[in-house]
Amino acid sequence: MFKGQNMMNLNDIVDKLKDVLSESSIGKKVFDKHVAEALNIPQGTFASMKKRNSIPYEEILEFCALKKISVNWLFFDQAVDMLKEETEKFFQVRYFSDIRASAGGGAYGFDEEEHEMISIDEKIMHNMVGMGNTELEAIHVDGESMEPTLQDGSIVFVDRTQTNINKNGIFIAATTGGLFIKRIQQRVDGMVELISDNSLYPPQAVSADEVTIIGKVVGNIESL
């Protein structure tokens with residue numbers, strides 16, 4: 001998993017974990033058993049690991065994620081200030097890997113629960129949204145009706161704060177027929193038109209009360 005992992009010493013890592021645990025156990029001595037408990041490893045198994053210098057990477061990584069601890073600091077002694085500086089160059093995006101916004105004729109619902117976080121470089125982020133909202137979400141495009149602008153299987157970044165369809169752009173819209181990714185226009189008769197970039201797909205008109213604008217597409221990539 002890590003280069004040079006055989007050069008690492010579990011005892012050194014455990015000492016750092018004890019320092020972390022001691023911050024929430026003021027006045028109490030932290031022992032190996034407390035580290036084992038924090039890592040959800042039986043004490044006997046943990047003692048054996050220390051003797052063999054067998055580092056439980058998976059358990060430690062889960063602990064780091066839970067406590068928001070830098071893995072680089074824990075394993076490689078990389079300075080925290082340096083890490084903070086590097087981390088600030090990235091923005092976190094909620095990635096809904098199982099959600100598809102249809103560019104054709106069908107779609108899937110938007111589930112707020114099932115997502116993971118991905119990191120996007122600040123330069124890429126600012127190219128997409130300028131200095132505006134950086135709390136974006138990412139979902140997949142399903143279908144060919146937005147080609148050549150958006151390819152089937154592309155991942156699009158959505159800004160939920162931008163829902164004004166009077167401004168040109170591509171939007172994610174929830175309709176009674178599902179979740180769509182289209183250019184959207186309000187007609188003079190009150191109907192809402194879902195427009196594809198692919199000329200093979202004619203516009204679709206739906207009642208305004210059957211459409212909810214989720215957000216505007218501010219960028220895309222071919223895959224993650």
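This is a predicted model: local features need pLDDT of at least 70, side-chain atom pairs count only at pLDDT 80 or more; totals for chains, interfaces and linings use all residues.

First, the ground rules. Residues are numbered from 1 along each chain as its sequence is written, and side-chain values use heavy atoms, with hydrogens and water left out.

On confidence: pLDDT is the predictor's confidence in each residue, from 0 to 100. The mean for the protein is 79, and 76% of its residues reach 70 or more. Over residues 1-6, pLDDT stays under 50. For that stretch the model has 11 contacts beyond four places in sequence, where contact means heavy atoms within 4.5 Å.

Now the helices. Helix H1 covers residues 10-22. The expected span of a helix is 1.5 Å times one less than its number of residues. For the 13 residues of H1 that should give 18 Å, and the end C-alpha atoms are 18 Å apart, which agrees.

Which residues of H1 are buried? They are Leu10, Ile13, Val14, Lys16, Leu17, Val20 and Leu21. They cover an arc of only 160° around the axis, which puts them on the same side of H1. The arc is taken from the directions from the helix axis to the C-beta atoms. Buried means under 20% relative accessible area, exposed means over 50%, and partly exposed is in between, with a 1.4 Å probe and protein chains only. What do these buried residues pack against? Their partners are helix H2 (32-38), helix H3 (43-52), helix H4 (57-67) and helix H5 (71-76).

At the start of H1, a side-chain oxygen of Asn9 comes to within 2.7 Å of the backbone nitrogen of Asn11. That is a polar contact: a pair of N or O atoms within 3.5 Å, where within protein one must be able to donate a hydrogen and the other to accept it, and residues adjacent in sequence count only if both atoms are side-chain atoms.

Next, two asparagines in loops. Asn40 sits in the loop between H2 and H3. Its phi is positive, about 60°, although Asn40 is not a glycine. At 67% relative accessibility, Asn40 counts as exposed. Asn53 is in the loop between H3 and H4, and its phi is also positive, near 50°. Asn53 counts as partly exposed, at 32% relative accessibility.

One more loop item, on the way to the strands. Glu147 and Pro148 are joined by a cis peptide bond, with omega about 10°. Pro148 is in the loop between strand E3 (137-142) and strand E4 (155-159).

Now the sheet pairings. Two strands pair if DSSP finds at least two bridges between them. Strand E9 (residues 211-221) has 8 of its 11 residues buried, so it is largely enclosed by the rest of the structure. E4 and E9 run antiparallel, joined by 5 bridges, and Asp159 has Lys216 as its bridge partner in E9. E5 and E9 are also antiparallel, with 5 bridges.

E5 in turn is joined to strand E6 (residues 178-186) by 6 bridges, again antiparallel. Ile172 stands opposite Gly215 in E9 and opposite Ile181 in E6. E5 and E6 form a hairpin with 2 residues between them.

Thr175 lies in E5, which covers residues 170-175. Is Thr175 buried or exposed? Thr175 is buried, with a relative accessible area of 15%. Its side chain reaches the backbone nitrogen of Gly177 at 3.0 Å.

E6 also pairs with strand E7 (residues 192-195), antiparallel, over 4 bridges, and Gln185 stands opposite Glu193 in E7. In that hairpin, with 5 residues between the strands, Gly190 takes a positive phi near 95°.

Last, Ile195 in E7. Ile195 counts as buried at 18% relative accessibility. Beyond its neighbours within four places in sequence, Ile195 has contacts that include Met146 and Pro203. Ile195 and Met146 are 49 residues apart along the chain, and their C-alpha atoms are separated by 8.8 Å.
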